[in-house]
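Visitor: Please walk me through this model. Keep it brisk.

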Amino acid sequence: MRVCPPEAEAGAAAPRPGLPSFSTTWSSPSIDLVLGLSGLAYSGGKTLRRPPVARNGAPRPPPRQRADRFEVAGVLMDVAAKRNTAAKSAIETALYDAVGRSLGVPASLLLGGMVKYRIPVLWTLAPGDPGQEIEEAEGKLSARLHRSFKVKIGAQDPAADLARLRRLAGALGDRADLIVDANQAWDEITAARCLPALADLGIRLVEQPLPAWNVAGMARLRDRSNVPLMADESVFSAHDMLAVASAAAADVVSLKLVKHGGLLNTRNVAAVAEAAGIGLYGGCLLESSIGAAAQAEMMT
Ligand SMILES: [Mg+2]
């Protein structure tokens, strides 16, 4: 993150008094802000591609834009680079943060205002060892921190995962809710064989059992499954969400800022899902506290 000198560039649009303007530095996921304001950003470590060069071979300096034009910023980033959603999310998060700070309001207000003051938060169990996972879950339950747990499956043989889940469900009983995330690990035949067993264990939700491309397969599974299905890697964009909704391939979608490319794109995906009656779930990766804070602003 760098802060620009306060001098205005020739021909640049003047920022609104009290608000920063920005220009992007294309060699890294960073952002320059004038008026001495800087925003916080989380980056997944990806970079935007370099800009086109001028006729004399010198890199063109990026134009300076008003920082409160979030939609314009998104369009400019999409023109400059395809995908790179983590970097775009970092830049957009910084813009919301800087504008929010300059106005003295939270980012959620810039998105239309809070609609929820509390959201339930679950804990992920990923060690793969059921004894260790039961101990971890018991710790969260006794501390009254979490009563819902997501179990990462798919790294082991399906039979081993089912045995592991049987131990977890038996030990935690009605004191906890369990969902599972297969991270695209199964083919359709394996998933069709495992879903009834997951339903018998009381698993509340199965996330992305099939590869991201197999939306039709997700729809076929959902048609005969007693457990609701959640789409994660199948949905990056609002177009993906429309395809999943059209195929009736999911009951829930996992929303992530770094997957969708920022707050506005996440809101667009959520709007398509809500129009189709598909539930919203706030997922996350291993973000910093800054990234988690931005996700919380989005989900509230
Ligand atoms: Mg997932």
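Questions and answers follow.

Guide: This is a predicted model, where local features need pLDDT of at least 70, side-chain atom pairs count only at pLDDT 80 or more, and totals for chains, interfaces and linings use all residues. Residues are numbered from 1 along each chain as its sequence is written.

Visitor: What is the strand order of the open sheet?
Guide: The open sheet has seven strands, with parallel pairing. Two strands pair if DSSP finds at least two bridges between them. Strands (E, at least two residues) and helices (H or I, at least four) are DSSP runs, numbered from the N terminus. The order is 5-6-7-8-9-10-11.

Visitor: Which are the edge strands?
Guide: An edge strand here pairs on one side only. Two strands do so: strand 5 (123–125) and strand 11 (279–282).

Visitor: Which residue in strand 8 is the bridge partner of Val180?
Guide: Strand 7 (residues 177–181) and strand 8 (residues 206–207) run parallel, joined by two bridges. In strand 8, the partner of Val180 is Val206.

Visitor: Is Gly202 buried, exposed or partly exposed?
Guide: Gly202 lies in the loop between helix 6 (188–200) and strand 8. A residue is buried with 20 or more other C-beta atoms within 10 Å of its own, exposed with 12 or fewer, and partly exposed in between; C-beta atoms are placed from the backbone. Gly202 has 15, so it is partly exposed.

Visitor: Are helix 8 and helix 10 roughly parallel or roughly antiparallel?
Guide: Axes are lines fitted to C-alpha atoms, for helices over the stretch in contact; angles run from 0 to 180 degrees between N-to-C directions. Helix 8 (residues 238–246) and helix 10 (residues 263–275) pack at about 15 degrees, with axes 8 Å apart. Angles under 35 degrees count as roughly parallel, over 145 as roughly antiparallel, 65 to 115 as roughly perpendicular and the rest as oblique. The pair is therefore roughly parallel.

Visitor: How do the residues of the contact of helix 8 with helix 10 divide?
Guide: Ala238, Met241, Leu242 and Ala245 in helix 8 meet Asn268, Val269, Val272 and Ala273 in helix 10. Contact means C-beta atoms, placed from the backbone, within 7 Å. Ala, Val, Leu, Ile, Met, Phe, Trp, Tyr, Cys and Pro count as nonpolar, Asp, Glu, Lys and Arg as charged, and the others, Gly among them, as polar. The division is seven nonpolar, one polar and no charged.

Visitor: Are helix 1 and helix 2 roughly parallel or roughly antiparallel?
Guide: The axes of helix 1 (residues 70–80) and helix 2 (residues 85–103) come within 11 Å and cross at roughly 160 degrees. The two helices are therefore roughly antiparallel.

Notes
Contact = placed C-beta atoms within 7 Å.
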